[in-house]
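Biologist: Please take a close look at the aromatic pairing in this model. Then place it in its surroundings.

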Amino acid sequence: MNEPVVAPLTTQEPVTRSELQPLLDYLQSPQGHEIAGRLLSVVEDIKKSTLDKTTNHAAFEKWLQALIIFIVVSASSVLSYLGKFDTSLGVLFGTLVGYIFGKK
């Protein structure tokens, strides 16, 4: 008695030009052109912001990698000079530098 009613499946028809004509007419008007221009400027601002953040992050990461490599080389030199450089420390330093060079 209380069977659920199932709507028949409909296939979605492609949008024709006549259905889009009011939108296209509005976009060609001065008000529609202004809205489209503002929308494009928002998208461009988001893109520029993302690129700036990515560039700043990449530069910081490169400087950090260079600093770590400099510290490892300096520490290895000082410890070798003092006679305190052993194999476990060499493996640790090698792993650290290998990880840095292995990253993209």
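Modeller: The count comes to one aromatic pair, where rings of Phe, Tyr and Trp (its six-membered ring) pair if their centres lie within 6.5 Å. The ring centres of Phe85 and Phe93 lie 6.2 Å apart and the planes make 40°, so the pair is tilted; planes under 30 degrees apart would count as stacked, over 60 as edge-to-face. This is a predicted model: local features need pLDDT of at least 70, side-chain atom pairs count only at pLDDT 80 or more, and totals for chains, interfaces and linings use all residues. Residues are numbered from 1 along each chain as its sequence is written, and side-chain values use heavy atoms, with hydrogens and water left out.

Now the cover. Phe93 is buried at 16% relative accessible area. Phe85 is partly exposed at 33%. Buried means under 20%, exposed over 50%, partly exposed in between (1.4 Å probe, protein chains only). Of the 104 residues in the protein chain, 8% are buried.

Next, the helices. The protein chain has three helices and zero strands; helices are DSSP runs (H or I, at least four residues), strands likewise (E, at least two), numbered from the N terminus. Helix 2 (residues 30-82) and helix 3 (residues 87-102) pack at about 160°, axes 10 Å apart. The axes are lines fitted to C-alpha atoms over the stretch in contact, with angles from 0 to 180 degrees between N-to-C directions. That makes helix 2 roughly antiparallel to helix 3 (over 145 degrees).

Key: Parallel < 35°, antiparallel > 145°, perpendicular 65-115°, else oblique.
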